[in-house]
Amino acid sequence: MPHGEQQGELFRVPAASTAPAPVPDGGSLELADQLDALAVDCDACHRCNLGLGRTRVVVSRGNPAARLMVIGEGPGAQEDASGLPFVGRAGQLLDQMLESVGIDSNRDAYVCNVVKCRPPDNRKPTAEEMAVCRPWLERQIALVNPGVILLAGATAMEGVLGVKGGITKLRGQWRQGSGDGLEGRWLMPIFHPSYLLRNPSRERGSPKWLTWQDLQDVRRRLDQLG
Ligand code: URA
């Protein structure tokens, strides 16, 4: 029985997760070096104007050896200040949601965004900003090599799959990646946690309830992949 269900509450877990990302062993040192190099390259990036307004480039958090990659839209204020993705209120909900199906976001997932710099006033990144940032994301996908990718929100779905709008219809439906480094990967669009913060109902059929079903599906897929 999934953790959240056991407690009869969606996305409520006993304790905040504090598990640190594992220290890479000898076998993955090369991967760690390559990800460090990627972060250095992102730090120097000024391919678009988002670079002008950023405090920190926000590349990733979590475990690069994880089979699950979570991709969001772009950094908000707290992410921009800390340099880490999904650490604000939406990130905390994301962590709870994942924890409710036994996924620790720092131990069992690699978390990143479609764009690495905060858009002003938290606006949606433009198609051009997403396109110029795309090579960084493709490099992340190639290095981390996830079997399953969780797309948090419509913008992530658009930025990664090129599919616009319709998250309400398309969430919860598995997509098999094709081209652009997505070959052989399973992708699952879900509602963005910011949307769930604005729609807190846990009733059957609510966005939160639906997301919980989607995450249980992700859990099953990860278990199948072994
Ligand atoms: N929303 C996102 O999509 N990404 C973050 O990192 C934070 C909030």
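**Ligand site**

I began with the pocket and found that the space taken by the ligand is the largest pocket. For this term I used a 1 Å grid over the protein atoms alone, on which a pocket is an open set of points with protein on both sides within 12 Å along at least five of seven lines, whereas a cavity is a set where a 1.4 Å probe fits but cannot get out, and lining residues have an atom within 4 Å of a point. A molecule sits in such a space if more than half of its atoms lie within 2 Å of the grid points.

I kept in mind that this is a predicted model, in which local features need pLDDT of at least 70 and side-chain atom pairs count only at pLDDT 80 or more, while totals for chains, interfaces and linings use all residues. Residues are numbered from 1 along each chain as its sequence is written, and side-chain values use heavy atoms, with hydrogens and water left out.

A backbone N or O atom of E73 lies 2.7 Å from a ligand oxygen atom, and one of F86 lies 2.9 Å from an oxygen atom of the ligand. For G74, a backbone N or O atom lies 3.1 Å from a nitrogen atom of the ligand. I noted that the ligand taken alone exposes 240 Å², of which the protein buries 92%, the areas coming from the Shrake-Rupley method with a 1.4 Å probe.

F86 is not a glycine, yet it has a positive phi of about 50°, and I placed it in the loop between α4 (77–82) and α5 (89–99). Helices (H or I, at least four residues) and strands (E, at least two) are DSSP runs, numbered from the N terminus. F86 counts as buried because its relative accessible area is 6%, the cut-offs being under 20% for buried, over 50% for exposed and partly exposed in between (1.4 Å probe, protein chains only).

D180, also not a glycine, has a positive phi of about 50° and belongs to the loop between β5 (175–176) and β6 (186–190). At 52% relative accessibility, D180 is exposed.

**Helix α6**

I followed helix α6 (residues 127–144), which contains R134. R134 is buried at a relative accessible area of 13%, and its side chain reaches the backbone oxygen of G159 at 2.7 Å.

A127, also in helix α6, is exposed at 55% relative accessibility; its C-alpha lies 8.8 Å from that of E158, 31 residues apart along the chain. L143 has its place in helix α6 too and is buried at 18%, and I found 8.0 Å between the C-alpha atoms of L143 and P64, which are 79 residues apart in sequence.

**Two further loops**

I looked up G166 in the loop between α7 (154–161) and α8 (167–170), where G166 is partly exposed at 42%. G166 and A154, 12 residues apart in sequence, are 7.3 Å apart from C-alpha to C-alpha.

R54 lies in the loop between α3 (50–53) and β1 (61–62) and counts as buried at 16% relative accessible area.

Conventions
Polar contact = N/O pair within 3.5 Å; in protein donor to acceptor, adjacent residues only side chain to side chain.
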